[in-house]
Amino acid sequence: MYALVDGNNFYVSCERVFNPKLNGIPVVALSNNDGCVIARSQEAKDLGLKMGEPAFQRRNFFREHNVHVFSSNYELYGDMSRRMHQVFKTFTPNIEMYSIDESFLDLTGIDRLERLEDYGAKIKRKVFRDVGIPVGVGIAETKTLAKIANHLAKKIPQLNGVCVLRNQKQIDYALKFTLIEDVWGIGRRYSAKLKIKGINTAFDFVNLPESWVLREMTVVGLKTYQELKGKKRLSLEEVRPPKKAIATTRSFGRKVADLKNLETSVATHATRCAEKLRRQKSVAAYVSVFIITDKFNEEEPQYNNSYTISLPVPSNSQFEIVKYALKALRKIYLQGYKYKKTGVIVTGIMTDADIQQDLFYEIDVERHKRLMKQIDALNRRYGKDTVKLGIMGMKKEWKLRREMLSRRFTTNWDEILTLKV
């Protein structure tokens with residue numbers, strides 16, 4: 001059996017852990033640069049607020065209905081996610097971290113020791129006690145059915161946040177309750193196609209002929225179909241394969257025109273790419289940089305461009321990746337434009353054991369490896385960018401606009417929670 005454990009309104013729940021006054025009132029979290037609504041408490045949902053709504057269009061609504069609005073506090077959310085997943089590991093060693101707020105847990109053999117409903121309730125209680133995040137737990141024989149069970153756990157109050165789909169009668173009820181567009185693995189295009197055929201629920205879908213599903217929805221659709229029928233087709237990915245490309249991009253809080261600020265931005269993005277490469281024990285052969293103006297502002301001149309450089313030797317050293325990213329930037333930068341966004345993409349990714357050395361390469365690769373290891377250790381211990389390249393700057397004029405940011409309670413000593421007694 002698999003369990004899918006998912007944090008309820010995760011970003012909002014993280015804010016509520018450190019500010020209990022937010023319980024029971026509408027709360028939303030916004031995307032980068034305070035752009036759109038990306039997380040809503042149930043109270044905010046009940047007011048009719050939708051995912052993806054532009055925040056500036058709802059300012060009056062927020063005031064009228066006393067909606068508390070927060071900029072995305074990614075440092076806090078990431079650390080709370082790490083803590084939540086540490087709790088999951090106390091229940092089973094076999095875990096797939098599917099996203100920041102949800103994981104699949106392999107519960108093979110647990111039902112021989114105790115009722116799965118009781119085990120799911122135990123997971124729910126421990127996560128809330130140790131981390132403060134309310135979760136829903138869905139348990140079933142396949143990952144796709146566990147997704148549906150998790151959905152039911154949150155929607156049906158009588159289940160108290162835990163749903164186990166054990167027998168066919170329970171599974172059939174769950175499938176009839178689930179709209180086809182809500183099935184994990186059925187995309188927007190396929191759900192529209194199925195609705196035209198009169199397939200509106202997951203139950204309708206599993207009653208189609210298997211040959212039709214294979215013909216019309218390929219092998220991927222067939223796997224979803226079989227999973228809904230209780231046949232395991234998706235295994236637990238305990239270790240995800242290395243990414244084939246890594247991108248770090250971000251829109252500016254305000255537009256940037258001068259090269260110096262663009263260099264600071266690109267150096268920061270390149271550093272993040274290097275860190276991600278090292279985390280998955282990979283190196284990259286190519287570095288690409290792009291710059292974009294604000295295409296929605298018709299009154300300003302427009303310019304977009306990108307440039308790719310091949311590294312002499314594939315690397316995950318931020319010294320090397322930053323150096324070549326800056327070279328690429330200088331190839332495409334033009335004065336007279338106000339830039340809205342920059343990005344760095346590394347490709348040609350391979351494991352760090354597969355590096356083909358260049359006889360004439362002057363860089364001491366082993367020395368760089370040792371140095372990167374020490375920098376990573378210091379930044380893990382004392383906080384991100386404790387040790388960084390000077391080109392990344394101290395004051396980032398291009399940084400994200402986050403005007404309603406809460407404190408980084410768990411990762412910054414200067415912002416730790418204070419109590420008044």
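Arg-189 lies over the face of Tyr-190, at 4.7 Å from the ring centre, and the charged end of Lys-143 sits over the ring of Phe-104, 4.8 Å from its centre. A charge is taken to sit over a ring if NZ of Lys or CZ of Arg is within 6 Å of the ring centre and within 35 degrees of the ring normal. The model is a predicted one, in which local features need pLDDT of at least 70 and side-chain atom pairs count only at pLDDT 80 or more, while totals for chains, interfaces and linings use all residues. Residues are numbered from 1 along each chain as its sequence is written, and side-chain values use heavy atoms, with hydrogens and water left out.

Rings of Phe, Tyr and Trp (its six-membered ring) pair if their centres lie within 6.5 Å, and planes under 30 degrees apart count as stacked, over 60 as edge-to-face and the rest as tilted.

| Ring pair | Distance between centres | Angle between planes | Class |
|---|---|---|---|
| Phe-18 and Phe-409 | 4.5 Å | 10° | stacked |
| Tyr-303 and Tyr-339 | 6.3 Å | 70° | edge-to-face |

Phe-18 lies in helix H1 (residues 10-18) and Phe-409 in the segment after helix H13 (365-382), so this pair ties together parts that are 391 residues apart in sequence. Helices (H or I, at least four residues) and strands (E, at least two) are DSSP runs, numbered from the N terminus. Both Phe-18 and Phe-409 are buried, a term that means under 20% relative accessible area (1.4 Å probe, protein chains only).

Tyr-303 is buried, with a relative accessible area of 14%, and Tyr-339 is buried, with a value of 0%. Ring pairs link Tyr-303, Tyr-333, Tyr-337 and Tyr-339 into a cluster.

The second largest pocket has a volume of about 1200 Å³. Of the 37 residues that line this pocket, the closest to its centre are Asp-6, Asn-9, Lys-45, His-151 and Lys-154. On a 1 Å grid over the protein atoms alone, a pocket is an open set of points where a 1.4 Å probe fits, with protein on both sides within 12 Å along at least five of seven lines, and lining residues have an atom within 4 Å of a point. Helix H6 gives the most to the lining of the second largest pocket, with seven residues.

Technical notes. Buried means under 20% relative accessible area, exposed over 50%, partly exposed in between (1.4 Å probe, protein chains only). Grid points are joined across faces, edges and corners, and a volume is the space filled by probe spheres set on the points.
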